[in-house]
Amino acid sequence: MWSNISAAPFLLTGFPGLEILHPWISLGFFFIYVSILLSNGTLLFLISEDHTLHEPMYYFLAILAATDLGVTLTTMPTVLGVLWLDHREISHGACYFQAYLIHSLSIVESGVLLIMAYDRFIAICNPLRYTSILTNAKVVKLGLGVLMRGFTLIVPMIITLSGFPYCRSHDLSHAFCLHQDVIKLACADTTFNRLYPIALVSLTGFLDSVLILISYILILKTIMEIASGKEQAKALNTCVSHISCALVFYVTVIGLTFIHRFGKYVPHVTYIIMSYVYFLFPPFVNPIIYSIKTKQIQNGINRLFSFHRI
């Protein structure tokens, strides 16, 4: 009996109690998804085609945009499937793979924000050696290091997750698979899968955010030593976009963590909405932030659309 229950597919969930509104809610999600795909896709195309943007700062921005696209493309099929078609079933293998991609890309995004802070640190605190330190080879190594960290550290908990029997309800809390959701349904000793994520978050997200904070303390110290107020403003302005993206990412992480920790005190729909904010808000606003605050991106967009009008 247990083997039959364990083999049953997981059931994804949209917005409980609001099923009648799912078609209308899906329109909002569709707009957000299309906006994310177009804006991040345009950013990637612009950086690849515009030679004035072939610098470390924009290479790292391209990795960030690709990561945001990855998160979006990972969650979009099941979210729209649930909201549009009421297609709730997802096989165990597909669920594990989706959870693997979602959690891996979250670690990758945190790592990308860290190396972007490193780029700004070198550019402001050691500008004369910027090009010699951040060579193309160094950029590739940093990018590969961030990707390898994200996609390898998640493997142990997904492997153990796939080995558990599932004899309880197969209903998940979201329209996509998350490790913390699936693990609640397991009928086995899940001590490792409960402790490993805590250690993982401490060694990645928390450590990354601390290093980013330290880098900006050193950057601010360097900027304050610049005599000219105009030069101070110019140097600080080059960091505004990255600071904004980092705040968007880590504030949503902290918000989701608090909701998850004190979830029994808030409506369940709040937890669901916060999860969507965590996965959709950063990919949605990151290209907007860089388009508004970075003059080189603005110029590149103007050249791109001017070229297509000719």
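Predicted model: local features only at pLDDT ≥ 70, side-chain atom pairs only at ≥ 80, totals over all residues.

User: Great, let's start with H3 and H4: at what angle do they pack, and how far apart are their axes?

Analyst: H3 and H4 pack at an angle of about 160 degrees, and their axes are 9 Å apart. Angles over 145 degrees count as roughly antiparallel. H3 and H4 are therefore roughly antiparallel to each other.

User: Thanks! Is the crossing of H3 and H4 left-handed or right-handed?

Analyst: Left-handed, for H3 passing H4. As for the residues in the contact of H3 with H4, there are 15 nonpolar, 6 polar and 4 charged ones.

User: What about H4 and H7, what angle do they make?

Analyst: H4 and helix H7, which covers residues 155–162, pack at about 160 degrees with their axes 10 Å apart. That makes H4 roughly antiparallel to H7. The crossing in which H4 passes H7 is right-handed.

User: Which residues make the contact between H4 and H7?

Analyst: H4 brings Tyr 96, Ala 99, Tyr 100 and His 103, while H7 brings Val 155, Met 157, Ile 158, Leu 161 and Ser 162. Sorted by class, the contact of H4 with H7 has 7 nonpolar and 2 polar residues, with no charged ones.

User: Nice. Switching to pockets: what volume does the largest pocket have?

Analyst: About 1,300 Å³ for the largest pocket. Its lining takes in 38 residues, and Pro 197, Val 201, Val 253, Thr 257 and Tyr 278 lie nearest the centre.

User: Which helices supply the lining of the largest pocket?

Analyst: H4 (92–125), H8 (179–182), H9 (191–224), H10 (229–261) and H11 (268–293) each supply at least two residues. H9 has the largest share of that lining, with 13 residues. By class, the lining of the largest pocket has 24 nonpolar, 11 polar and 3 charged residues.

User: And the second largest pocket, what's its volume?

Analyst: The second largest pocket has a volume of about 520 Å³. It is lined by 19 residues, and the closest to its centre are Arg 120, Lys 234, Ala 235, Thr 238 and Gln 296. H3 (56–85), H4, H10 and H12 (295–309) each give at least two residues to this lining. H10 gives the most, with 6 residues.

User: Last topic: how many cavities of 30 Å³ or more does the structure hold?

Analyst: There are 2 of them. The largest cavity has a volume of about 70 Å³. Its lining is made of Asp 68, Val 71, Leu 105, Ser 106, Glu 109, Phe 249, Tyr 278, Phe 279, Pro 282 and Pro 283. H3, H4 and H11 are the elements that give two or more residues to the lining of the largest cavity, and H11 gives the most, with 4.

User: And what lines the second largest cavity?

Analyst: Met 57, Phe 60, Met 116, Asp 119, Arg 120, His 242 and Tyr 290 line the second largest cavity, which has a volume of about 40 Å³. H4 gives the most to this lining, with 3 residues. By class, the lining of the second largest cavity has 4 nonpolar, 1 polar and 2 charged residues.

Notes. Residues numbered from 1 in each chain as written. Heavy atoms only, no water. 1 Å grid on protein atoms, 1.4 Å probe; cavity = no way out; pocket = protein on both sides within 12 Å on 5 of 7 lines; lining within 4 Å. Points joined across faces, edges and corners; volume = space filled by probe spheres on them. Nonpolar A, V, L, I, M, F, W, Y, C, P; charged D, E, K, R; others polar. Axes fitted to C-alpha atoms, helices over the stretch in contact; angles between N-to-C directions. Parallel < 35°, antiparallel > 145°, perpendicular 65-115°, else oblique. Left-handed = near helix turned anticlockwise from the far one by under 90°. Contact = heavy atoms within 4.5 Å.
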